[in-house]
Amino acid sequence: MDRSMPMITNPVIVISRSFYILWNQQSLSRHLRVVTMKISAICPIGILEKVSNLPNWQKKDPSLNLPWELNTLPIFSDSSPLYHTLKKPEPSTPEEERDLELGHQRLLKLCQRSEELNVPLSVDAEDTFAQPAIDYLTYFSALLYNSNRDSKRNPIVFGTIQAYLKDARERLLLASKAAEKMGVPIGFTLVRGAYMSRDRKLAGKLGFESPIHNTIQETHACYNDSASFMLDKIADGSGAVVLATHNVESGRLAATKARDLGIGKENERLQFAQLYGMSEALSFGLKNAGFQVSKYLTIGPVELRKTEGSSPLQPLVDSS
């Protein structure tokens, strides 16, 4: 082995259903930079879709009362697509509210465990039809667990922004501004996205414009602009970011700006991440430059969207 090549020994673990119990039973913190989870692993996707319909409609009709509504950050921008909810949804049933509460409690348990181990928990993005509920639960948890973190420590709860969505940067700015106003540090994982085919197909089926950027260049610009914005947040002590990307130019731009802002390479509020077995040259290049770099490892059954999204046959996704 070339001893001049740095070892990347700090994985990002991606939680699937089978990992939920494992994370709560044993300490995995020694080699972890961040744990990434999907809320659909702890709450039925149908419940997340149903719950998403309610704030979707409330955005259209502010008079709609949600009895379970909690204090959270903005989950929509003015340009966010609301076509998933074409008519006023039925109120949640007691069983649905119970399932939602169970999922919420599981999320809080994971947040508590992450706080005990001082390992950030990043909540992954999913399909647009379920994302409002995911953001809603994530932001509530972030306000709860990040509020006592000072500028020298990572936030505990991170949300995820998919830069291939047209409203991504605006939602990022709104949530960050609201968190800053509350004095709560905010963390985000930035990805390009992994649900393009499904999101486009659903929008087309309903007769609406795709929520996905029209060109790969627009997606790249959104990702790089969002990364630049979050680096500014790191510099002023109000934010943190995991730049999950396989794109060499995005890595170069972020590393250059971090250097220009004087963000120390030991600063754990800036992390880069790639899927294990992919973009090794980028990972080692960033590590050689002294930055915090992790490799995504999945535990439990997962779909192959991430790898498919990084295929040159689907260049707009460029998954991460």
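**Notebook: strands, rings and salt bridges**

I began with strand β5 (residues 186–191) and found it mostly covered, six of its six residues being buried. I take buried to mean under 20% relative accessible area, exposed over 50%, and partly exposed in between (1.4 Å probe, protein chains only). Helices (H or I, at least four residues) and strands (E, at least two) are DSSP runs, numbered from the N terminus.

I note that this is a predicted model, in which local features need pLDDT of at least 70 and side-chain atom pairs count only at pLDDT 80 or more, while totals for chains, interfaces and linings use all residues. Residues are numbered from 1 along each chain as its sequence is written, and side-chain values use heavy atoms, with hydrogens and water left out.

**Entry 1: strands**

In a regular strand the side chains alternate between the two faces of the sheet. I looked up which residues of β5 point which way: I186, F188 and L190 point to one side, and G187, T189 and V191 to the other. I then looked for a partner of β5 and found strand β4 (residues 157–162), paired with β5 in the parallel sense over five bridges. Two strands pair if DSSP finds at least two bridges between them. Opposite F188 in β5 stands G159.

The bridge partner of M37 in β3 is V123.

**Entry 2: aromatic rings**

How many aromatic pairs does a search of the whole structure find? I record three aromatic pairs. Rings of Phe, Tyr and Trp (its six-membered ring) pair if their centres lie within 6.5 Å; planes under 30 degrees apart count as stacked, over 60 as edge-to-face and the rest as tilted.

One of the pairs is formed by Y83 and F208, which are stacked at 5.5 Å centre to centre with 25° between the planes. This pair links distant parts of the chain, 125 residues apart: Y83 is in the loop between α2 (45–60) and α3 (94–117), and F208 is in the loop between α6 and α7. Y83 is buried, at 5% relative accessible area, whereas F208 is partly exposed, at 40%.

I also examined F272 and F291, whose ring centres are 5.6 Å apart with planes at 70°, so the pair is edge-to-face. F272 lies in strand β7 (residues 270–275) and F291 in the loop between α9 (280–288) and β8 (292–299), so parts 19 residues apart in sequence are tied together. Both F272 and F291 are buried.

I located L206 in the loop between α6 (196–205) and α7 (216–235). L206 has 33% relative accessibility and therefore counts as partly exposed.

**Entry 3: salt bridges**

A salt bridge is a side-chain nitrogen of Lys or Arg within 4 Å of a carboxyl oxygen of Asp or Glu. By this rule I record 14 salt bridges.

Among them is the one between D78 and K59, at 3.7 Å from N to O. D78 lies in the loop between α2 and α3 and K59 in helix α2, so the pair ties together parts 19 residues apart in sequence. D78 is exposed, at 72% relative accessible area, and K59 is partly exposed, at 37%.

I next looked up R171 and D167, whose side chains meet in a salt bridge of 2.9 Å, N to O. Both R171 and D167 are buried. A network of salt bridges links D135, D167 and R171.

E180 forms a salt bridge with K233, the closest N and O atoms being 2.6 Å apart. E180 lies in helix α5 (residues 168–182) and K233 in helix α7, so the pair ties together parts 53 residues apart in sequence. E180 is partly exposed, at 41% relative accessible area, whereas K233 is buried, at 9%.
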